[in-house]
Amino acid sequence: MTIADFWFDPACPYTWITSRWLLEAAEVRPIEVRWHVLSLSVLNEDREDDPENDPEGYLWLPVRVCAAVAVEHGQEALGRFYTALGHRLHEGDGEWDPDAFATALAEAGLPTELTRAALTEEYDPAVRASHWEGIAKIGTHVGTPIIVATGADGAESAFFGPVVSRVPRGEEAGRLWDGTLLVAGIEGFHELKGAPHAPPDFS
């Protein structure tokens, strides 16, 4: 069994696709997925520019609720919440409103009062701690998602991505997992890019 620790910012549509690919891969390969929060707001807060075009700090809202879920109910519950919330954001109307948080929490079997975390700083230390734990595995030159694959021998392989515009299914998902581990496991490996980004395909 390989442990795949997955750090994500829930607002990123390409990260959402990668997360769905990883779950597909776990159906055909011996992978246990564990979920962690990563924040683009934290990553970019000391920059003079605003690469996410988020001057109001809107991206803090979903990561705060995610952190509250993780702190109060654990990473498995965080995975359930991310799935419910991601379907609404990336495959629904794309709105991060309190009703969307509450609906996703309820669907994930979690207390809807955790919605209040979105508008407070109560869980900001947890957001930051989780974020920097993931970034420490690879460096500040990357964003979301980060995956750390830990094999049965305890050896870790950390990488950003893979960034895909559609969800590979079945054995195709497994082959992408195999290839990603192969490339990322080469000492000195740094970067591999394909064609320019295509629009996200959530089908």
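Modeller: In this predicted model, Trp 21, Leu 22, Glu 24, Ala 25 and Val 28 of helix H1 are in contact with Gly 170, Glu 171, Ala 173, Gly 174, Leu 176 and Trp 177 of helix H7.

Two packed helices are described by the angle between their axes and the distance between the axes. Helix H1 covers residues 13-28 and helix H7 residues 170-184; they pack at an angle of about 100°, and their axes are 8 Å apart. Angles of 65 to 115 degrees count as roughly perpendicular, so H1 is roughly perpendicular to H7.

Pro 162 is located in the loop between strand E4 (156-160) and H7, and the peptide bond joining Gly 161 to Pro 162 is cis, with omega about 0°. Most peptide bonds are trans. A cis peptide bond also joins Thr 144 and Pro 145, where omega is about 5°. Pro 145 belongs to the loop between helix H6 (124-135) and strand E3 (146-150).

For a further helix, one may turn to H4, residues 75-90. Its 16 residues, at 1.5 Å a residue, should span 22 Å, and the end C-alpha atoms are 21 Å apart, so the two values agree. Among the buried residues of H4 are Leu 78, Phe 81, Tyr 82, Leu 85 and Leu 89, as well as Gly 79, Gly 86 and His 90.

Terms used:
Residues numbered from 1 in each chain as written. Predicted model: local features only at pLDDT ≥ 70, side-chain atom pairs only at ≥ 80, totals over all residues. Heavy atoms only, no water. Axes fitted to C-alpha atoms, helices over the stretch in contact; angles between N-to-C directions. Helix = DSSP H or I, 4+ residues; strand = E, 2+ residues; numbered from the N terminus. Parallel < 35°, antiparallel > 145°, perpendicular 65-115°, else oblique. Contact = heavy atoms within 4.5 Å. Expected span 1.5 Å × (residues − 1). Buried < 20%, exposed > 50% of the residue type's maximum accessible area, 1.4 Å probe, protein only.
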